[in-house]
Structures are given as structure tokens and as C-alpha cells.
Amino acid sequence: MKLYGSIEAGGTKFVCAVGNDKLEIIDIIQFPTTKPKETLEMTVNYFERFKDNLQSVSVASFGPIDMVRGSKTYGYITSTPKLFWDNTNIIGFLKDRIPVIYYFTTDVNASAFGEMVVRKDVDSLVYYTIGTGIGGGVIQSGHEIGGVGHGELGHIYVAKHPADYDFDGVCPFHGACLEGLAAGPSLEARTGIKGELIPENHPVWDIQAFYIAQAVMQATLSFRPQIIVLGGGVMKQSHMLKRVKSEFIKLLNGYVSIPPIDDYIVLPAVDNNGSATVGNFWLAKRKLTTD
Ligand SMILES: Nc1ncnc2c1ncn2[C@@H]1O[C@H](COP(=O)(O)OP(=O)(O)OP(=O)(O)O)[C@@H](O)[C@H]1O
Ligand SMILES: [Zn+2]
């Protein structure tokens with residue numbers, strides 16, 4: 001049986017899986033992200049069991065990464081602030097030990113592809129994760145976008161909410177960029193309470209929805225996608241989607257036509273952050289036929 005590999009290299013955990021030709025999960029494990037060598041050894045050990053049938057592997061990584069073909073540092077995690085992981089040749093390490101064909105992309109691009117694959121008639125979409133950080137993957141006519149690197153949709157500048165002027169934001173690079181103002185840690189920085197535990201009637205949710213709606217606005221105007229998917233831990237708040245939609249409608253003010261709002265701004269179709277795994281299987285399979 002032909003098998004395809006998925007590696008979701010996250011800042012807190014690695015999820016490794018193998019899937020079949022129908023992109024169904026055959027086996028999956030996860031373990032914490034520790035130091036690079038230790039974590040990548042665990043990854044290699046996992047895939048060794050499937051080596052005889054493994055055709056190709058797609059790696060979806062936290063970033064920034066170098067995914068530019070022909071670049072000297074292709075396959076590296078580059079300038080990440082994550083301790084020990086800057087300048088890590090992740091694809092080099094894996095290819096040396098498990099010599100199959102590899103695809104390399106960002107975590108959010110793989111999620112975006114996963115969401116594309118499981119939805120009918122969608123080939124242009126934007127996927128955001130709003131978790132420990134904010135990231136976005138853009139698929140345009142079936143292809144991810146980028147030139148000298150991948151997009152960094154989480155670090156755009158946004159207009160401040162009038163009730164949030166005193167908050168400086170928590171992005172280590174930019175302070176009050178989108179991620180600094182609206183990712184999970186900003187909720188705790190403002191309120192002293194973890195996002196999971198903040199009550200639904202707290203005013204911070206409207207502030208946060210205002211920022212996420214601006215991200216949706218930027219994506220709408222820049223890419224005109226068919227659909228915008230909002231994933232990540234923060235979107236598990238069941239009231240957030242509605243708040244974001246209503247802020248977005250106000251911001252857009254009818255300027256361009258979009259699909260019906262409930263079909264346009266949506267939660268992931270694959271549960272438990274599983275979009276990246278499906279996306280990876282699909283990318284690994286595609287890589288076999290396009291190389
Ligand atoms: N139900 C929730 N409501 C609000 N905030 C939440 C909820 N669940 C998780 N968070 C916040 O989201 C962040 C964790 O995000 P997530 O669960 O997506 O994990 P992650 O994979 O580490 O994030 P990332 O996608 O940035 O790598 C934390 O800041 C946490 O406080
Ligand atoms: Zn930033």
C-alpha cells in the first residue's frame with residue numbers, strides 16, 4: 001500500500017502521521033517540541049516503521065521558514081525566536097535519514113490546503129490560526145503564494161480599538177501588530193486571565209473581534225478569496241465567529257461583493273486542528289507527480 005507522511009512541526013508539539021491514497025489517517029502520534037535534534041530523532045524513529053511503503057512526506061512547520069526552491073537555506077527554519085530552533089535544517093536532517101521526496105511549507109499553508117481539499121469547488125481561500133500566535137495561509141487558484149518567502153499575515157498593522165489605546169501589544173518584534181494585539185497571549189496580558197477562562201460577557205472579546213475582523217478585511221481586499229477559515233484555540237470560543245462577522249460587515253460597508261457571510265467566514269471543516277494533516281497528505285501526494 002502506498003503511504004504518505006505528514007509532519008506538523010509546531011512550536012509546542014509535533015504531530016506525525018501516515019495516510020493512504022485516499023488521504024485517510026492510518027496512524028498518528030504527537031510529542032512535545034523540545035530541542036531540534038531530539039525532536040527530529042523522534043520524528044525519524046516514527047517514520048522508520050513505515051519506510052517500505054512511504055512515498056513522500058510533507059512538512060508543515062512553524063516559521064519563519066525558507067521554502068524558496070534553489071535557496072541555500074531551503075528547508076530551514078530560519079529566524080525564529082523559538083529557543084534552539086533558529087537556523088535548523090529540518091528537511092536536510094529528515095531526508096538524510098528517511099530518503100523520500102519532501103514538500104516543505106508553513107503550518108498555515110498546509111491547513112489552508114487541507115481546508116481546500118475537503119471543501120467542494122474551493123480553490124482560493126485564506127486560513128488564519130488565532131492561537132499562541134497568528135498566522136495565515138493563502139491559496140490562490142490552487143497554489144500557495146509567496147515570492148522571496150511566505151506571507152506573514154499575523155504581523156500586519158491594524159487600527160487600534162478605541163478602548164484599547166493603553167495596551168502596547170505583546171509581539172516581541174512589533175508590539176502592537178495583529179498578533180501582538182489579538183493572539184491568545186494578548187488576552188491574558190490585558191485581563192490577567194487565560195483566554196479559555198475569560199467569561200463571554202467580558203469587553204475584551206469585542207476588542208479582539210475588531211482586530212480579527214480587520215485581518216479578514218485585509219484578506220478580502222487583498223486576495224478576494226472564496227472563503228476565509230478561522231482556526232486556532234481562540235476561535236473555540238463559540239461566540240467569536242458571530243462577533244467577527246458583525247465587525248467585518250461594518251468595516252467592509254458593502255464595498256465589494258462577497259459570498260453570503262455564513263458561507264464566507266467559517267470555522268475549519270476538519271476538527272481538532274486536523275486540516276494540516278489532510279493538507280500534508282495531499283501535498284505529499286501531489287509532490288510525487290509534479291517533480
Ligand atoms: N477556548 C479558548 N478560548 C480562548 N483562548 C483560548 C482557548 N483555547 C486556547 N486559547 C488560547 O490560545 C492559545 C493556544 O492556541 P492553540 O490552542 O491554537 O495552540 P498552539 O498550537 O500553541 O497555537 P499556534 O497555532 O499559534 O501554534 C493560548 O494563548 C490559549 O490561552
Ligand atoms: Zn508582530
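On a 1 Å grid over the protein atoms alone, a pocket is an open set of points with protein on both sides within 12 Å along at least five of seven lines, a cavity is a set of points where a 1.4 Å probe fits but cannot get out, and lining residues have an atom within 4 Å of a point. Grid points are joined across faces, edges and corners, and a volume is the space filled by probe spheres set on the points. The model is predicted, with pLDDT of at least 70 needed for local features and 80 or more for side-chain atom pairs, while totals for chains, interfaces and linings use all residues. Residues are numbered from 1 along each chain as its sequence is written, chains are lettered from A and ligands numbered from 1 in the order in which they are written, and side-chain values use heavy atoms, leaving out hydrogens and water.

The chain splits into domain 1 (3-107 + 272-290) and domain 2 (120-266), with bounds that come from an automatic or database domain assignment. Their C-alpha centres sit 26 Å apart. Eleven residues from domain 1 and eleven residues from domain 2 make the contact, where contact means heavy atoms within 4.5 Å.

Now for the second largest pocket, with a volume of about 360 Å³. Both domain 1 and domain 2 give residues to its lining, so this pocket lies between them. The lining has 15 residues, and Met-67, Arg-69, Tyr-103, Glu-144 and Arg-286 lie nearest the centre. Strand E7 (101-106), strand E10 (143-144) and helix H9 each supply at least two lining residues; helices (H or I, at least four residues) and strands (E, at least two) are DSSP runs numbered from the N terminus. H9 gives the most, with three residues. By class, the lining comes out as six nonpolar, five polar and four charged, counting Ala, Val, Leu, Ile, Met, Phe, Trp, Tyr, Cys and Pro as nonpolar, Asp, Glu, Lys and Arg as charged, and the others, Gly among them, as polar.

H9 (residues 275-290) also meets helix H3 (residues 107-118): the two axes come within 6 Å and cross at roughly 85°. That makes H3 roughly perpendicular to H9, a label for angles of 65 to 115 degrees, with under 35 roughly parallel, over 145 roughly antiparallel and the rest oblique. Axes here are lines fitted to C-alpha atoms, for helices over the stretch in contact, and angles run from 0 to 180 degrees between N-to-C directions. Residues making this contact include Phe-113 and Met-116 of H3, along with Trp-282, Leu-283 and Arg-286 of H9. Sorted by class, the contact has nine nonpolar, five polar and three charged residues.

The largest cavity holds about 30 Å³ and is lined by Tyr-128, Ile-130, Ile-134, Leu-178, Ile-212 and Ala-215. Strand E8 (125-130) and helix H6 (204-223) are the elements that give two or more residues to this lining, which has six nonpolar, no polar and no charged residues.

The peptide bond from Gly-63 to Pro-64 is cis, with omega near 0°, and Pro-64 is in the loop between strand E4 (54-61) and strand E5 (76-77). Phe-84, in the loop between E5 and strand E6 (88-89), has a positive phi of about 75° although it is not a glycine.
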